[in-house]
Amino acid sequence: METIRTKSSLGSWWATVLVVLPLLLIGCSNPVEHIPELKPEQLAGRTIQQQPYEQTYKMVPYDLIAIRFPFHPEQDPKAAISIRPDGQISLDGVGSLRAAGLTPDELSKDIVAKTSTRLRNPEVVVTVTQFAPRRIFVGGQVKTPGIVQFQGEITPIQAIFERGGFTTEAQMDSVVLIRNAGGPDPIIGRINVNDGLESGSAEKINLVTNDVLYVPMSGIGRADLWVKQHLNDIMPTGLFSAGGMAAGIR
């Protein structure tokens with residue numbers, strides 16, 4: 001009778017496995033594959049080109065900037081200027097100017113345009129002397145999910161390693177980036193950070209303040225978690241013990 005009960009348990013267990021196995025195989029697929037892959041040009045509005053940092057960095061409120069007039073040093077502000085919360089700066093002889101959202105070179109050209117009527121052949125140099133602190137959010141399969149504070153620029157891989165790096169269950173080729181693009185809908189897309197880690201190539205996407213990075217659990221990781229949580233509940237007691245194996249053979 002014991003043998004009959006054991007065979008019955010085995011039959012029930014295998015029936016359960018046959019039902020669950022296809023679900024586990026499906027679970028091993030990419031959990032965020034329905035999200036389109038994010039292209040760098042979607043964030044920049046144009047094809048990414050490798051340019052010097054000074055030419056690509058767009059200033060934000062609370063950045064400190066220095067402004068120099070090489071041929072008219074008497075026009076130089078006496079101290080660094082902080083970009084106001086509204087994105088503007090005030091400059092003697094010019095008034096208010098928009099600075100946030102511009103590169104230092106773009107702001108230089110605006111100042112030249114506004115001072116050319118009273119200065120002869122003005123030349124202006126704008127440099128960022130101190131970057132405003134900013135933050136992004138990193139969650140999912142990283143060792144310590146949370147906020148990353150940074151100054152200047154930061155890439156997805158840098159942000160992830162700021163939070164301790166990936167867990168062993170991370171889907172590294174499908175990190176999700178969520179960005180408030182200033183419109184009614186955010187930009188959402190997948191980034192394959194594994195490419196940069198394996199090839200050592202430079203990342204083409206830089207993060208901006210309030211970006212959200214979410215590292216999903218891989219399909220294998222989710223299947224493994226399911227097994228850990230549920231398989232012991234459906235396996236006959238002692239199935240893989242010496243006695244269980246012998247009973248199953250009889």
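A nonpolar core here is a set of buried Ala, Val, Leu, Ile, Met, Phe, Trp, Tyr and Cys residues joined through side-chain atoms within 4.5 Å. All the views below come from a predicted model.

**View 1. Ile 160 and Leu 213 in the largest nonpolar core.** Of the 20 residues in this core, these two touch the most other members. Zoom in on Leu 213 and you'll find it touching, among others, Phe 137, Val 138, Ala 159, Ile 160, Val 176 and Leu 207. A second, separate core has 18 residues, including Ile 83, Leu 91, Ala 100 and Leu 119.

**View 2. The S6-S7 hairpin.** Strands S6 (residues 134-140) and S7 (residues 146-150) run antiparallel and are joined by five bridges. Five residues sit between the two strands of this hairpin. Look for Arg 135, which stands opposite Gln 149 in S7.

**View 3. A salt bridge between Arg 134 and Asp 63.** This is one of four salt bridges in the structure, and its N to O distance is 3.4 Å. Arg 134 belongs to strand S6, while Asp 63 lies in the loop between helix H3 (53-56) and strand S1 (64-68), so the pair links distant parts of the chain, 71 residues apart. Arg 134 has a relative accessible area of 10%, so it counts as buried, and Asp 63 is buried too, at 0%.

**View 4. A salt bridge between Asp 211 and Arg 179.** Here the N to O distance is 2.6 Å. Both Asp 211 and Arg 179 are buried.

Technical notes. Residues numbered from 1 in each chain as written. Predicted model: local features only at pLDDT ≥ 70, side-chain atom pairs only at ≥ 80, totals over all residues. Heavy atoms only, no water. Pairing = 2+ DSSP bridges. Helix = DSSP H or I, 4+ residues; strand = E, 2+ residues; numbered from the N terminus. Buried < 20%, exposed > 50% of the residue type's maximum accessible area, 1.4 Å probe, protein only. Contact = heavy atoms within 4.5 Å. Salt bridge = Lys/Arg side-chain N within 4 Å of Asp/Glu carboxyl O. Lists of a residue's contacts leave out its neighbours within four places in sequence.
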